[in-house]
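Welcome! Take a moment to turn the model around before reading on.

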Amino acid sequence: MLHRIYGMILRYWYSTLRSWDRLTDFFYWPIIDLALWGVTGAYIEASSGGELKVMSSLICAVILWYSIYRTQGDISISILEEIWNKNLINVFSSPVSIIEQWLALVIFSFAKLVLATTVASFFAYLFYGFNILVLGWNILPFMLLLTLFGWSIGIFVSGVLYRYSTKVQSIAWTTIWLFAPFSLVYFPRNVLADWGQTLSMFVPSSYIFEEMRSVLNSGQVNWLNLKLSLAISVVYLCLAGIFLRRSFDVALKRGLVKLF
Amino acid sequence: MRDILQVRDLTKIFGGFKAVDAASFNLQEGEILGLLGQNGAGKTTTIQMLLGVLIPTSGEIEYFGKPFREHRGEIQEKINFSSAYTNLPFNLKVKDCLHYVSHFYDIADRRQRIKEIVSQFDLEKLLNRTVAALSAGEQTRLNIAKAFLNRPKIVLLDEPTASLDPENARVVRTFILEQQKSEGLSVVFTSHNMEEVEEVCDRVIFIDGGKITWNDTPYNLSLRLDLNTVTFMLDNPTQDMTRILPKHALKWEVHGTEVSIKLKEKSVPGLIQDLVTNQIGFHGLTINRASLEEYFFKEKTPGVKNAA
């Protein structure tokens with residue numbers, strides 16, 4: 001089993017290495033987002049005469065958002081690449097199982113995330129003197145919980161792709177943005193309308209970004225919120241896993257060749 | 001020889017369409033089995049079910065005496081395939097593809113095996129090229145090389161030589177036949193090239209409308225057709241042939257001084273006797289039994305079938 005997972009990780013690694021598009025994931029978008037939100041934060045702080053201290057939380061939010069954005073994107077786009085390349089039959093006519101492919105994607109996306117976050121943190125320090133380590137050890141549970149949620153969305157999207165193929169391929173890079181407003185990435189929960197606040201309670205990432213702001217403002221973390229985020233993410237991950245399994249069975253009944 | 005693949009009542013229905021209809025056949029150890037049929041006959045659907053990338057509506061597939069459904073991973077270790085409708089990732093280099101695919105299988109001497117395969121399929125010069133940069137023939141060669149990476153006991157080859165030039169197609173055929181002899185390799189082989197099937201396959205299955213219409217050796221299939229082609233040369237073909245033809249020929253063609261006559265086996269001696277009796281001088285006589293291609297067209301063309 002381990003050699004097959006390693007084989008799949010190698011496949012995704014080579015694909016990243018040989019693709020300029022995939023390599024830009026590591027530096028292009030982090031730099032663009034940091035430049036955009038850093039300047040926006042600086043402008044808001046200057047406009048408020050220094051009363052509003054938002055720059056740190058915006059930059060920190062950009063970096064943490066990558067935990068969801070990258071993991072979801074890497075999982076979904078890797079599945080799409082297999083469909084575009086007509087390579088799924090090569091994979092699944094071998095002893096590789098859907099679970100092994102899933103594990104390889106999860107491990108690979110996490111490794112890529114660590115690298116992308118490191119690059120983004122470096123640029124945040126370089127551009128604005130912001131040190132992500134200001135979050136202390138909290139950064140670990142924050143990132144892990146956000147990654148967990150990113151995996152569940154990525155796996156759900158993969159299930160949709162196995163069911164409907166490239167007809168719905170844009171969901172691979174658009175779905176995550178559906179959750180962005182309710183993840184409270186750049187603003188607190190009370191900014192949303194009542195219905196939006198209720199909806200955000202079911203989005204596990206919202207608790208993390210709220211706690212991120214809490215740490216930056218007061219140094220305090222409400223661990224109950226992190227546990228709540230974990231519980232919701234685990235439920236979503238299980239549901240996404242079941243959906244992926246069933247979607248894959250549907251794809252096998254139709255024939256993997258029909259996905260091309 | 002023992003059966004290493006047994007297929008029983010294999011059926012696949014898409015919506016209301018029966019793509020494969022209760023197909024039953026076997027593959028023996030060391031045997032090369034040809035699947036023949038027109039486009040849409042059900043060959044590729046059958047191959048996909050044999051690979052485990054399409055779930056049958058009903059029926060059973062057993063490899064090495066074990067149900068495929070329950071021993072999928074274990075069986076997939078021992079089989080492999082090459083097909084014209086799949087590709088290895090376009091943006092990867094050839095060496096990347098061979099390397100990562102080798103990890104899908106439990107290969108003890110992975111690096112050595114890749115070296116062997118690269119050498120056997122003459123891929124040395126292609127190793128640092130991306131799959132996208134390969135010609136159609138080179139991609140096919142890579143796909144076939146991939147199919148032999150794990151030293152499979154059974155290989156499913158779906159039109160493996162479709163985009164190869166005659167020389168490379170010959171190399172692939174020779175390799176398959178060598179593997180059959182040296183390793184006892186068993187092969188399920190589909191192709192539209194009937195001469196190739198005749199050369200390579202020990203047994204042939206015809207599929208038509210998802211059903212198996214015939215299952216026999218190429219030789220027996222041609223006997224069943226009972227159609228022979230007698231070719232010889234005459235000084236004045238048109239004039240001479242009109243004297244003897246109506247009695248014997250099903251169909252005849254004249255190209256310059258060469259005459260080709262299609263007729264049943266039992267009519268061949270009569271034709272030659274008539275040539276002699278009528279004092280028609282001939283030379284360069286050859287008699288060929290029906291080819292698979294002729295059988296194929298007889299099965300698909302009612303007019304020819306009736307004539308035969």
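Reading from the N terminus, the elements of chain A run α-α-α-α-α-α-α-α-α-α. That comes to 10 helices and 0 strands. Please keep in mind that this is a predicted model.

| Feature of chain A | Value |
|---|---|
| Span of the C-alpha trace along the principal axes | about 65 × 40 × 30 Å |
| Buried residues, out of 260 residues | 45% |
| Contacts with a separation of 6 or more that join residues 24 or more positions apart | 75% |

Now let us visit helix α2 of chain A, which covers residues 20–47. Its 28 residues reach 39 Å from the first C-alpha to the last, close to the 40 Å expected at 1.5 Å a residue. Even so, the helix has a kink of about 45 degrees at A:Phe26, shortly before the proline A:Pro30.

Which residues of α2(A) are buried? They are A:Asp25, A:Pro30, A:Asp33, A:Leu34, A:Trp37 and A:Gly41. An α-helix has 3.6 residues a turn, so residues three or four places apart point the same way.

Just after α2(A) comes A:Gly49, with a positive phi of about 65 degrees.

Technical notes: Residues numbered from 1 in each chain as written. Chains lettered and ligands numbered in written order. Predicted model: local features only at pLDDT ≥ 70, side-chain atom pairs only at ≥ 80, totals over all residues. Helix = DSSP H or I, 4+ residues; strand = E, 2+ residues; numbered from the N terminus. Expected span 1.5 Å × (residues − 1). Bend = angle between axes of the 7 residues up to and from the residue. Buried ≥ 20, exposed ≤ 12 C-beta atoms within 10 Å, placed from the backbone. Contact = placed C-beta atoms within 7 Å.
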